[in-house]
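Please keep the sequence and the coordinates at hand while reading.

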Amino acid sequence: LKEEVLKQLKECADNADIEKVRIQCLGKKGDLTAILRSMGGLSEEERPEIGKLANEVRAIIEEEMKVIKEKINSLEASKKVKSEVLDITMPGRIPEIGRRHPLLQAKEELESVFMRMGYDVVSGPEIETVANNFDDLNAPYDHPSRDWSDTFYISDDLILRTHTSPVQVRTMREAVKENKLPVRAVCTGRTFRFDDVDDTHSPMFHQMECIVVDKGVTLANLKDSIDQFVKELFGNNVTTRFRPHNFPFTEPSAEVDVSCHICMGKGCSSCRGTGWSMELLGCGMIHPNVLRNCGIDPEIYSGYAFGMGIDRVTMVKYGIPNIRLLFENDVRFLKQF
Ligand code: PHE
């Protein structure tokens with residue numbers, strides 16, 4: 001029995017195995033326990049001898065059990081230490097570094113161009129009053145842009161602003177209140193129109209507004225500023241083209257095109273042979289009614305303003321074919337900037 005149990009103990013791999021052997025040998029119904037119990041049936045001479053032998057065997061087995069238990073425990077402990085060991089030669093995990101979104105880059109670049117030219121950077125809310133967005137900008141009551149099908153109405157007199165031009169009104173009023181005329185300011189921000197999504201349209205887009213009000217500001221100043229600004233943005237080789245247009249809040253008004261920066265105006269597939277890459281912005285001399293609505297006397301002051309789609313500029317600048325790319329936040333796209 002002793003040999004048999006010692007052999008079993010040697011084969012034990014963990015504490016549970018040892019426990020099994022212990023119960024089988026020394027437990028209530030164990031083999032050795034049975035021998036000790038049956039001692040009563042032995043003769044007077046046999047009893048002490050067998051008893052001594054059985055107790056010796058028990059001692060040996062218990063001692064061996066203790067040794068093997070210790071061995072297993074230390075083995076398990078060292079296994080644990082090994083699995084938790086810190087390998088300081090392993091290469092580190094390099095964290096992914098985020099990038100500025102191309103639109104944010106464009107916005108910051110635009111603002112810094114104007115800041116260098118001495119403009120203030122201002123802002124206004126995305127939820128605007130109908131008064132600031134339309135009425136005070138001289139938009140007639142039947143102007144199509146006011147339609148429910150073009151503008152997101154929140155209530156009868158609150159909307160999501162359809163352009164950044166209401167910031168003109170806010171800025172001029174503020175300047176009058178604080179006695180801080182003349183005004184030279186730019187504003188960038190989100191704008192909203194009820195448009196279906198396609199390659200160049202999105203119901204949410206971005207604009208930059210520029211406004212200058214001073215004594216003696218003329219159309220020549222407007223043309224010169226825009227020309228300078230466009231050259232800062234696209235390089236000295238581009239040229240601009242002013243086309244007459246109509247906005248309720250400016251008179252006269254124009255739209256400005258920029259020569260294609262790929263073929264330099266010669267005509268290529270990107271500009272469909274026209275030499276002009278895009279309609280960049282709307283502009284004009286601030287309408288006297290708008291000045292009056294803001295408390296400025298048009299007999300003394302005049303001003304110009306322009307508004308530009310930042311998404312468009314970003315798309316042309318980086319050759320992005322689809323506006324959706326700017327809003328889907330696909331990391332594979334964003335990583336390229
Ligand atoms: N607000 C006009 C638009 O969204 C652009 C504009 C701004 C035109 C300022 C003239 C002056 O189309």
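In helix α1, which runs over residues 2-10, the buried residues include Val5, Leu6 and Leu9. Because these residues cover an arc of only 100 degrees around the axis, they sit on the same side of α1. On the other side of α1, Glu3, Lys7 and Lys10 are exposed. The cover over the buried residues of α1 includes α2 (15-26) and α4 (46-83). The model described here, and throughout this report, is a predicted one.

A UniProt entry, which is unreviewed, places the feature "binding site" at Glu251. Within the predicted fold, Glu251 belongs to strand β7, which spans residues 250-259. Is Glu251 buried, partly exposed or exposed? With a relative accessibility of 47%, Glu251 counts as partly exposed, since that class lies between the 20% limit for buried residues and the 50% limit for exposed ones.

When neighbours within four places in sequence are left aside, Glu251 is in contact with Met285 and His287.

## The largest pocket

The largest pocket holds about 980 Å³ of space. Its lining is made up of 42 residues, and those closest to the centre of the pocket are Thr162, Arg193, Phe205, Gln207 and Phe247. Strand β7, where Glu251 is placed, is one of the elements that each supply at least two residues of this lining. The others in that group are β5 (204-214), β6 (240-247), β8 (276-286), β9 (302-309) and the helix α10.

## The enclosed cavity

The structure also holds 1 cavity of 30 Å³ or more, and the space in this largest cavity comes to about 50 Å³. Its lining consists of Ala106, Glu109, Leu110, Leu233, Val313, Thr314, Lys317 and Tyr318. The elements that give two or more residues to this lining are α5 (102-116) and α10 (310-318).

Which element supplies the largest share of the lining of the largest cavity? That share, 4 residues, comes from α10, a helix that also supplies at least two residues to the lining of the largest pocket.

The structure holds 0 disulfides. Cys271 is in no disulfide, and the nearest cysteine sulfur, that of Cys263, is 3.6 Å away, whereas a disulfide would require the two sulfur atoms to be within 2.5 Å. Cys271 counts as buried, because its relative accessibility is 4%.

## Phe333 in helix α12

Phe333 lies in helix α12, which covers residues 331-334, and because its relative accessibility is 9%, Phe333 counts as buried. Not counting residues up to four places away in sequence, Phe333 touches Pro102, Ile320, Leu325 and Leu326. Of these contacts, Pro102 falls within the range of helix α5 (102-116).

Phe333 and Asp136 are 197 residues apart in sequence, and their C-alpha atoms are 41 Å apart in space.

Conventions
Residues numbered from 1 in each chain as written. Predicted model: local features only at pLDDT ≥ 70, side-chain atom pairs only at ≥ 80, totals over all residues. Heavy atoms only, no water. UniProt positions renumbered as here; feature names shortened; annotations may be inferred. Buried < 20%, exposed > 50% of the residue type's maximum accessible area, 1.4 Å probe, protein only. Contact = heavy atoms within 4.5 Å. Arc of directions from axis to C-beta. 1 Å grid on protein atoms, 1.4 Å probe; cavity = no way out; pocket = protein on both sides within 12 Å on 5 of 7 lines; lining within 4 Å. Points joined across faces, edges and corners; volume = space filled by probe spheres on them.
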